[in-house]
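Hello,

Here is the structure we talked about handing over. My notes on the helix packing and the sheet follow below it.

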Amino acid sequence: MYRGHRVGVVVPAYNEQELIKEVLSGIPDYVDRVYVVDDGSNDGTSKAVQEFMGRDNRITLLRHEKNEGVGKSIIDGYKAALKEDMDIIAVMAGDNQMDPKYLPDLLDPIVEGKADYTKGNRLLGPEYVRNMPKFRYLGNMILTFLTKIASGYWHIMDPQNGYTAISRKALEKIDLDSVYHWYGYPNDLLVKLNVYGFKVLDVPIPAKYGKEKSKIKYTKYVAKVSWLLLKDFFWRLKEKYLLYNFHPLVFFYLFGIFFLLFGTGGVIYSIYYKWIQGGANFFPRAALSLIIFMIGLLMFMFAMLFDMEEERRNGAVQ
């Protein structure tokens, strides 16, 4: 146990036969249960885990017949941990990127009631990101901004960081079957946590890169997660500000988006009308479109300010 709390660790693994033993050997003694989820690996991942189980009776091996996604693996690990009455469930990936010495930093805020969900943050300063590939860093920053808007957690950074811990209370409230199954699961989970009013806290944890090879194709990944976040954004507005508790910021968001799109379309049409069709009165058309665009931008910014204030009022910021 850790400070009177039963702790479970979920280890999603896909083709990690070379690294999985390093991960398992590093899990601290105070962890009560370890749930390794082999997500349809076609190498010796399960065999390596089974060999290690002879030395550590805390480990449970769950297996998917086919690759169902890292999000699905973590969901299944969460469900197994809930069945065994774990109080806090952490996630440590099977590629050995997550240093176990920082696990207490994730657990302490939950134990002390300061947060319901804690996550690593590698982006707090140059000392934390010096080992992160630049292309990955750029993609992370883009998704950080989009996740802030979609989730309403304006204080969070590095939403792709999978080194997390969550309370039993939060897991029992969320519909786990609705969480995205693939690499966008941490972004999707943040949106759901916000709708239910849970406190989220960033924990500074340095980036760690070694022998592992990323399985993410970043071009497709950013596009897919961006589309997921767009859908999540509108779902959050509906659930949190229309159904659960009405707030006028939803109209600022919606009208802001409408005017932004209308104004952008007007500028594009003005340029087309002037330079392709040779039409007159370019400047009045363009000026009106720009005014509409600026009105939309101001409305969207006001909506973000209202959203930030709502986050502070609900105590989501620590």
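In this predicted model, helix α6 (residues 134-151) packs with helix α8 (residues 185-195) at an angle of about 30°, and their axes are 9 Å apart. Angles under 35 degrees count as roughly parallel, so α6 and α8 are roughly parallel to each other. Their crossing is right-handed. On the α6 side, T147, A150 and S151 take part, and in α8 they meet N187, L190, V191 and N194. Sorted by class, this contact of α6 with α8 has 3 nonpolar and 4 polar residues, with no charged residues.

Now the sheet. It is open and is formed by 7 strands, in the order β3-β2-β1-β4-β6-β5-β7, with mixed pairing. At the edges are β3 (59-64) and β7 (200-204), each of which pairs on one side only. From one strand to the next, the twist averages 20°.

Helix α2 (residues 45-53) lies across β1, β2 (33-39) and β3, and runs at about 165° to β3. Helix α8, the partner of α6 above, lies across β5 (117-121), β6 (164-167) and β7, and its direction is at about 140° to β5.

Regards

Methods
Residues numbered from 1 in each chain as written. Predicted model: local features only at pLDDT ≥ 70, side-chain atom pairs only at ≥ 80, totals over all residues. Heavy atoms only, no water. Axes fitted to C-alpha atoms, helices over the stretch in contact; angles between N-to-C directions. Helix = DSSP H or I, 4+ residues; strand = E, 2+ residues; numbered from the N terminus. Parallel < 35°, antiparallel > 145°, perpendicular 65-115°, else oblique. Left-handed = near helix turned anticlockwise from the far one by under 90°. Contact = heavy atoms within 4.5 Å. Nonpolar A, V, L, I, M, F, W, Y, C, P; charged D, E, K, R; others polar. Pairing = 2+ DSSP bridges.
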